[in-house]
Amino acid sequence: MTDSVVDVPDVPDLPDHIDRAVLKIAGVVVIGAIMSILDITVVNVALPTFQTVFGTRGDPIAYSTVAWSVTAYTLALATVIPMTGWAADRFGTKRLYMTAIFLFVSGSVLCATAWSIGALIGFRVLQGLGGGMLMPLGMTIMTRAAGPHRIGRLMAILGVPMLLGPILGPIIGGYLIQVASWHWIFLINAPIGLIAFLYAWRVLPRDSPEPSESFDFLGMALMSPGLALFLFGVSSIPGEGTASAPRVWVPMLIGVVLMVAFVFHSFRPAHPLLDLRLFKNRNLTISIITMFLFVAAFFGGLLLVPTYFQEVRGESTLHAGLLVAPQGIGAMITMPIAGRLVDKRPIGQIVPFGLVGILIGMFGLTQLTATTPYPVIMGFLFVMGLGMGSTMMPLFTSALKTLKAHEVARGSTLLNINQQIASSCGVAVMSVILTNHLQASKLAGPAMATLHIPSLADKIPAAAITKGLEDAASAFTDTYWVAWVLVALTLIPAYFLPRKREESHLLDDEGVPPVVVH
């Protein structure tokens with residue numbers, strides 16, 4: 001891993017405006033970002049479909065099992081992020097970016113051929129290894145092309161897919177599943193990826209690789225398997241029915257041991273996988289703790305919304321995706337506003353308001369029933385989106401501002417991995433809680449089945465269907481209570497965020513901002 005920062009001098013022959021050459025390069029990066037970000041959300045709406053498709057003899061797979069198609073992807077993202085900077089120095093950004101596109105598209109096509117949920121999860125890992133490199137490499141390529149005096153305007157361009165992803169992902173996924181099949185939520189990446197590959201080959205300038213520091217392979221061998229084993233143990237609880245089963249506690253124990261070993265190891269190498277020494281920075285530490293709790297609760301809960309619409313209300317995948325859109329619209333409204341405010345006001349005056357918005361919206365989801373009016377649900381989702389847009393980027397930006405120039409690359413890596421790990425943990429925990437509550441009701445499963453197989457309704461009393469759907473809705477609300485409590489706990493570290501404006505340390509001795517390599 002490289003932990004250095006590439007200084008890009010303010011070259012005088014670079015024009016002040018965004019010229020055509022830079023826009024061409026920005027186009028390559030935006031296409032890659034769209035593929036990577038859409039695939040985080042496009043699968044959410046497909047989880048109930050996976051339960052049925054990969055089930056046996058009409059018996060759906062547990063929700064906590066199919067949720068691994070999301071968890072595996074985010075874990076792969078977390079694994080490859082710290083490797084990206086080192087690999088870019090060693091092999092060159094253009095070559096590595098094209099390799100990342102190839103891996104992502106190959107993983108996508110293989111996902112479409114999956115014959116079992118295990119195969120799908122495995123192929124999602126390959127897809128995540130490619131997707132995880134696209135965003136950090138894209139930021140590096142754009143920064144080098146534009147120079148520091150134009151990077152702000154280019155980051156606004158890169159922010160477009162980040163804003164549209166949460167809106168378009170579920171809608172596109174729902175549409176493709178409804179009009180074609182689930183295979184197309186992955187196959188759609190093939191033509192887009194081919195265009196991106198050829199575009200990158202033609203437009204991106206050649207660069208000369210200059211190998212720098214050694215990579216912490218031992219750290220990666222400890223962290224990634226440790227986290228995966230721990231989450232595997234957690235997700236096995238519904239299937240085993242108890243936390244005392246060997247399938248649960250053995251992988252959890254091994255995972256904890258590996259992660260503890262990783263922590264001790266991280267203080268030894270000069271260039272560790274994750275530089276835990278940065279936790280000496282108080283503001284960075286508080287930002288990371290706040291972000292972890294927030295991301296685990298928000299993204300874990302976000303996964304459940306399309307499933308509620310499909311499994312409790314009987315909506316199609318497309319309608320479920322459209323009903324989730326208000327959340328993305330809310331985030332799209334507040335994210336650019338919060339981005340401007342973070343330069344003028346301290347983070348401690350912004351993030352708490354965003355968290356309160358999420359608390360209000362999520363409290364509404366804890367009150368769901370099998371008949372809650374859709375405008376009410378969409379209103380709560382919109383408020384949650386407003387809160388999310390006021391929380392995520394301000395936390396990230398403020399944390400980086402507290403670092404010195406030579407610490408930015410390592411701090412960015414730490415923040416990105418923290419985000420992906422939190423998302424993985426949130427998805428795993430929320431899916432386990434939901435699965436346990438659904439399994440506790442004998443009526444919920446048959447009642448939900450009648451929504452998609454009308455002929456079953458003739459075999460089950462109407463009162464039992466009504467009671468089963470209410471039980472299913474209760475399972476979702478109980479899970480949302482857990483998410484709500486997590487968001488409430490986030491207010492504790494958020495209270496200690498800076499409330500006074502602090503000077504940014506991002507400029508180096510010559511007044512030039514650094515380039516975040518990964």
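1. Thr93 is buried, with a relative accessible area of 6% in this predicted model. The cut-off for burial is under 20%, so Thr93 qualifies. Thr93 belongs to helix α5, which covers residues 93-112. Setting aside residues up to four places away in sequence, Thr93 touches Ala88, Leu137, Thr140, Ile141, Arg144 and Asp207.

2. Ser236 also deserves a look. This residue sits in the loop between α10 (217-235) and α11 (237-240). Despite the loop position, Ser236 counts as buried, at 6% relative accessibility. Beyond its neighbours within four places in sequence, Ser236 is in contact with Arg247 and Val248.

3. Next, helix α13. The helix runs over residues 282-302 and has 21 residues. From first C-alpha to last, α13 reaches 30 Å. That is close to the 30 Å expected at 1.5 Å a residue. The helix is mostly covered, with 16 of its 21 residues buried.

4. The N-terminal end of α13 is capped by Asn281. A side-chain oxygen of Asn281 lies 3.1 Å from the backbone nitrogen of Asn283.

5. Helix α14 is largely enclosed by the rest of the structure, because eight of its eight residues are buried. The buried residues are Leu304, Val305, Pro306, Thr307, Tyr308, Phe309, Gln310 and Glu311. Two of these names come back below: Phe309 in the core and Glu311 at a pocket.

6. The largest nonpolar core has 136 residues. Those with the most contacts inside this core are Phe50, Tyr97, Ile185, Phe186 and Phe309. In soluble globular proteins, nonpolar side chains tend to be buried together.

7. What does Ile185 touch? Not counting residues up to four places away in sequence, the partners of Ile185 are Asp39, Val42, Val43, Ala46, Phe50, Gly173, Leu176 and Ile177. One of them, Phe50, is itself listed among the core residues with the most contacts.

8. The second largest pocket holds about 820 Å³ of space. Its lining is made up of 31 residues. Nearest the pocket centre lie Gln51, Thr52, Pro60, Glu311 and Met448.

9. Which elements give two or more residues to the lining of the second largest pocket? They are α2 (47-53), α14 (304-311), α19 (408-440) and α20 (444-452). The largest share, five residues, comes from α20.

Terms used:
Residues numbered from 1 in each chain as written. Predicted model: local features only at pLDDT ≥ 70, side-chain atom pairs only at ≥ 80, totals over all residues. Heavy atoms only, no water. Helix = DSSP H or I, 4+ residues; strand = E, 2+ residues; numbered from the N terminus. Expected span 1.5 Å × (residues − 1). Buried < 20%, exposed > 50% of the residue type's maximum accessible area, 1.4 Å probe, protein only. Polar contact = N/O pair within 3.5 Å; in protein donor to acceptor, adjacent residues only side chain to side chain. Core = buried A, V, L, I, M, F, W, Y, C linked by side-chain atoms within 4.5 Å. Contact = heavy atoms within 4.5 Å. 1 Å grid on protein atoms, 1.4 Å probe; cavity = no way out; pocket = protein on both sides within 12 Å on 5 of 7 lines; lining within 4 Å. Points joined across faces, edges and corners; volume = space filled by probe spheres on them.
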